[in-house]
Amino acid sequence: MALFRRFLHRKRRDRHHENSDWVLGADGCEPPSPPRPPPTPPPSPPMEKDGGPVAGTYSFKPLNWEKVNKALEGSLWEELLIHGQPQRTPPEIDVSELQQLFSNSPPKIANSKEADKRKTSSSMHEKVQLIDKLRANNIEIMLTEVNLPLPLIVEAVFAMDDTVLYVDQIENLLKLFPTKEETEILKSYKGDQDKLGQCEQYFLELMKVPRMESKLNALMFTFQFDSQLAELKNNLNTVNSACDEVRKSVKLKEIMKRILYLGNALNQGTARGAAIGFKLDSLMKLTDIRASDSGLTFMHYLCKLLANKSPDLLDFHEDLVSLEAATKIHLKNVAEQMLAVSCGLKTAKQELDASANDGPVSTGFHLTLNKFISHAEVEVASVTNFFTVVGKSADGLALYFGEDPARCPFEQATQTLFDFVREFQKCHKENLEQDELKRKESEEGDGNVVSPTPPPQPLLAHVENKSMETCSPPLAVRDESTTTSVSPPAPPPAFQSLDEASTIEKAKRDGLVVPSPPQMYEAPQQPPFGGHEPTPAQLPGAPGEHLDL
């Protein structure tokens with residue numbers, strides 16, 4: 001036993017020299033080895049006193065992973081620990097390449113001139129954003145569409161120069177004004193204006209001009225005044241002319257009178273009879289009633305009656321030359337045009353009064369605007385009076401037909417009358433086409449009637465050579481245009497149609513050989529019926545006699 005203890009003591013001493021711990025358990029057996037300590041992190045690069053890396057060393061960009069602090073038994077990391085230290089870089093990896101690619105090299109210190117230049121450049125690109133970014137971008141885009149510098153725009157507005165600014169450009173400029181909130185933000189800015197964006201600088205320049213938006217509105221009104229006034233007058237004249245033409249048309253009045261007579265005749269003995277007039281929309285019901293034995297409508301009958309009895313009334317539409325154009329005009333739109341002209345003039349007068357207190361900057365603008373308003377006031381007053389007259393005339397159109405203007409406004413009345421005119425012309429045209437078709441059918445029917453062939457009559461001919469009595473001389477048939485010599489024609493068949501006879505005669509005149517048709521009788525040597533004229537009863541095809549054709 002003592003010998004065994006000495007062996008263990010010697011063994012422990014040898015292991016101690018090998019830096020190994022060997023501890024016996026209570027039972028004399030070797031206890032399990034304790035867990036290995038966690039791997040030590042890679043050594044940090046040496047640092048100088050100021051905290052920066054030592055010259056010749058590199059600080060790498062970190063790899064953001066989750067580190068495993070304990071290698072579990074049987075894991076890959078335990079196996080790597082057994083075979084070596086994974087913290088150390090193997091020789092096959094080129095660290096210099098890592099240093100070149102992923103090192104945090106210290107920035108180079110530039111000289112003072114380059115640093116100042118870079119600082120100035122960066123400060124120039126720093127812009128102060130006061131207006132919403134999206135709105136600022138839209139403003140800048142619209143400014144490129146106007147394509148005029150702001151000083152030139154201001155100069156053109158004060159001079160009221162229509163050769164520099166156009167209506168479209170003014171409309172775009174009116175969309176580029178700051179709101180009240182944006183104006184307050186810009187007024188409260190006390191910093192460097194050069195650092196502001198293009199939109200902010202444009203708004204600030206606009207704010208320097210007194211009432212720039214009002215001036216642009218007045219300018220656009222002066223540019224559009226002549227065209228607006230001309231369009232308004234044209235619409236008023238069309239409405240007024242249409243109303244006068246309807247009321248003054250004698251032919252239209254006569255047609256309405258005949259419609260009333262015919263309607264009372266149809267409604268005799270009913271509640272609708274004995275009418276003194278009819279509603280205007282009743283004109284469109286004239287095509288609803290049709291004749292019992294045909295498709296003839298009441299409108300067709302009216303056109304036919306007028307064509308036979310009063311043809312001078314058929315062209316009544318020529319009295320209503322302005323009616324079609326009037327159907328395209330709405331009095332509501334005309335009233336809006338009148339209101340736009342009146343309000344535009346009122347706004348311009350307000351700006352005229354305000355610009356009188358602007359001082360020298362608005363002197364030219366004030367004089368030009370004052371001259372325009374003096375002329376515009378006279379024109380607007382005249383067209384306003386005419387607008388009132390036309391409104392009464394439009395209401396009078398409904399009253400002319402016994403209608404309430406509120407229930408039958410001008411637009412409805414003119415459209416009904418215009419539709420009646422078109423339907424009347426259509427029915428009259430159909431009547432003419434129907435009459436022409438009947439005439440052609442009648443002519444074709446008369447040309448195809450089969451009539452009995454009369455007996456051959458002696459040909460009236462002049463014998464040119466009296467000495468040729470023994471032979472059959474050619475007979476000269478005289479025509480109005482030419483004289484031709486033909487042989488004596490063969491007698492036609494007994495019941496040959498007129499078309500066949502004419503075809504045969506034409507063929508003979510052209511020199512063609514025409515075969516003799518079967519069952520042709522020979523020409524009698526003596527006058528038929530013993531030289532007496534036949535009576536109708538003796539003629540073939542006489543009444544009571546059946547003919548087999």
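Biologist: In this predicted model, is cysteine 243 buried or exposed?

Modeller: A residue counts as buried when its relative accessible area is under 20%. The relative accessible area of cysteine 243 is 0%. Cysteine 243 is therefore buried.

Biologist: What is the relative accessible area of cysteine 408, which is also listed by its burial?

Modeller: Cysteine 408 is classed as buried. The cut-off for that class is under 20%. The value for cysteine 408 is 4%.

Biologist: How many disulfides does the model have?

Modeller: A disulfide requires a pair of cysteine sulfur atoms within 2.5 Å. By this rule, the count is 0 disulfides.

Biologist: Is threonine 222 buried or exposed?

Modeller: Threonine 222 is part of helix H10, which covers residues 212-248. Its relative accessibility is 13%, and the limit for the buried class is under 20%. Threonine 222 is therefore buried.

Biologist: Which residue has its backbone oxygen 2.5 Å from a polar atom of the threonine 222 side chain?

Modeller: Threonine 222 has contacts with Met160, Leu369 and Phe372, once neighbours within four places in sequence are left aside. The backbone oxygen at 2.5 Å from a polar atom of the threonine 222 side chain belongs to leucine 219.

Biologist: Which residues of helix H6 are buried, and which helices do they pack against?

Modeller: Helix H6 spans residues 150-159, and its buried residues are Leu150, Ile153, Val154, Ala156, Val157 and Phe158. After H6 comes methionine 160, with a positive phi near 50 degrees. The buried residues of H6 pack against H5, H7, H9, H10 and H15.

Biologist: How are helices H8 and H9 oriented to each other?

Modeller: Two packed helices are described by the angle and the distance between their axes. The axes of H8 (residues 180-188) and H9 (residues 198-208) come within 11 Å and cross at roughly 95 degrees. Angles of 65 to 115 degrees count as roughly perpendicular. H8 is therefore roughly perpendicular to H9.

Biologist: How many residues of the contact of H8 with H9 are nonpolar, polar and charged?

Modeller: H8 contributes Glu182, Thr183, Leu186 and Lys187, while H9 contributes Glu200, Phe203, Leu204 and Met207. These residues divide into 4 nonpolar, 1 polar and 3 charged.

Biologist: How far apart in space are glycine 391 and asparagine 240?

Modeller: Glycine 391 is in helix H15 and is partly exposed, at 28% relative accessible area. In sequence, glycine 391 and asparagine 240 are 151 residues apart. In space, C-alpha to C-alpha, glycine 391 and asparagine 240 are separated by 8.6 Å.

Key: Residues are numbered from 1 along each chain as its sequence is written. This is a predicted model: local features need pLDDT of at least 70, side-chain atom pairs count only at pLDDT 80 or more; totals for chains, interfaces and linings use all residues. Side-chain values use heavy atoms; hydrogens and water are left out. Buried means under 20% relative accessible area, exposed over 50%, partly exposed in between (1.4 Å probe, protein chains only). Helices (H or I, at least four residues) and strands (E, at least two) are DSSP runs, numbered from the N terminus. A polar contact is a pair of N or O atoms within 3.5 Å; within protein, one must be able to donate a hydrogen and the other to accept it, and residues adjacent in sequence count only if both atoms are side-chain atoms. Contact means heavy atoms within 4.5 Å. Axes are lines fitted to C-alpha atoms, for helices over the stretch in contact, and angles run from 0 to 180 degrees between N-to-C directions. Angles under 35 degrees count as roughly parallel, over 145 as roughly antiparallel, 65 to 115 as roughly perpendicular and the rest as oblique. Ala, Val, Leu, Ile, Met, Phe, Trp, Tyr, Cys and Pro count as nonpolar, Asp, Glu, Lys and Arg as charged, and the others, Gly among them, as polar.
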